[in-house]
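Subject: Structure for you to look at

Dear colleague,

Here is the structure I promised to pass on to you. Please keep it open beside this message while you read.

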Amino acid sequence: MGRMSNTRGGKMRTSSLTCFGVGDGLPCGDRHHASFLYRFGKTLILLDCGEPIDGSFKAGGLGYDLIDSILVSHLHADHIGGFLMLMQGCWLEGRRKDLTVHMPGAAISPVRQMMETALLFDELLKFRLRFAPLKAGRLIRVRDVRITPFPTTHLDGLRARFQKRHRGAFDSYCFLLESGRRRIGHSADLGSPEDLEPLLARPLDLLVCEMAHFTPEEILSRLRGRRIKRIAFVHLARGYWEALPKIRRLAARMLPDIPHTFAKDGAVIQF
Ligand SMILES: [Zn+2]
């Protein structure tokens with residue numbers, strides 16, 4: 001497993017990832033849903049808002065003004081289910097700092113409507129809440145952090161079946177996060193391992209990679225020999241999570257040269 005620290009409830013250092021939820025899209029009795037807090041020095045970015053992010057955030061003792069920006073990779077409930085309660089938390093805990101939430105553009109108006117429905121009126125908030133549409137390849141700057149969203153094929157099947165009848169947001173993104181010379185890839189949900197290629201075009205310091213929408217062999221063979229310093233596997237499909245010792249042995253065999261870990265909820269990974 002190399003030198004990766006993966007300490008539950010550990011103290012966050014200057015540059016770290018806190019895995020608030022490593023569960024997949026099924027109801028999880030032992031894992032929370034997708035939510036990841038990236039800290040680059042003083043810049044904090046929350047990537048996805050799966051349940052129960054509000055409770056995990058509060059339990060982490062973090063101030064509500066700390067989050068600089070929120071990214072929502074796509075609109076499946078395991079990635080946005082905790083958003084309303086997090087906004088209620090920002091309201092009631094008295095957040096004051098402006099907040100931009102980046103998400104697939106087609107979701108912005110319905111999500112605003114959800115906030116209205118949940119009585120989270122703009123006038124109640126002591127901070128300015130902005131929504132911005134993610135655009136493939138278009139750089140987002142959050143202070144000293146550069147974030148590039150790349151489209152994934154995760155929702156392509158759903159789009160083909162339903163876009164004529166339903167006005168959903170069928171876009172889904174993975175992300176490259178860069179700060180100084182550090183480069184972090186975050187898969188969010190993929191359609192196939194090939195979706196990762198834009199993130200792998202240059203060496204990565206850390207790749208946070210899902211393992212739910214393909215077999216472990218498929219993703220491990222795609223990552224084998226790539227220039228990645230460390231990999232944290234998250235979002236394992238229930239069947240793989242229940243067979244974790246076997247999956248660990250497979251990964252050790254197929255990725256002999258890349259330190260990797262299978263993160264649990266609460267894991268803090270330094271980078
Ligand atoms: Zn998911």
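Predicted model: local features only at pLDDT ≥ 70, side-chain atom pairs only at ≥ 80, totals over all residues.

Residues are numbered from 1 along each chain as its sequence is written.

Helices (H or I, at least four residues) and strands (E, at least two) are DSSP runs numbered from the N terminus, and two strands pair if DSSP finds at least two bridges between them. With those terms, 7 strands form an open sheet of mixed pairing, in the order 8-9-10-11-12-13-14. Its edges are strand 8 (140-142) and strand 14 (260-262), each of which pairs on one side only. Strand 8 is joined to strand 9 (residues 145-151) in the antiparallel sense over 3 bridges, and Ile140 has Ile147 in strand 9 as its bridge partner.

In the loop between strand 8 and strand 9 sits Arg143, which has a positive phi of about 50 degrees although it is not a glycine. Ala188, in the loop between strand 11 (182-186) and helix 6 (197-200), is likewise not a glycine and has a positive phi of about 45 degrees. A residue is buried if 20 or more other C-beta atoms, placed from the backbone, lie within 10 Å of its own, exposed if 12 or fewer, and partly exposed in between. Arg143, with 14 such atoms, is therefore partly exposed, whereas Ala188, with 28, is buried.

Strand 6 (residues 99-104) has 5 of its 6 residues buried, so it is largely enclosed by the rest of the structure. Strand 6 runs parallel to strand 5 (residues 67-71), joined by 3 bridges, and also pairs in the parallel sense with strand 7 (residues 129-134), over 6 bridges. Leu71 has His102 in strand 6 as its bridge partner, and Pro104 stands opposite Leu134 in strand 7.

As for the helices, Pro216, Leu220 and Ser221 in helix 7 meet Ile247, Leu250, Ala251 and Met254 in helix 9, contact being counted when C-beta atoms placed from the backbone lie within 7 Å.

Finally, a cis peptide bond, with omega about -10 degrees, joins Glu51 and Pro52; Pro52 is in the loop between strand 4 (43-47) and helix 1 (53-59).

With best wishes

Conventions. Contact = placed C-beta atoms within 7 Å.
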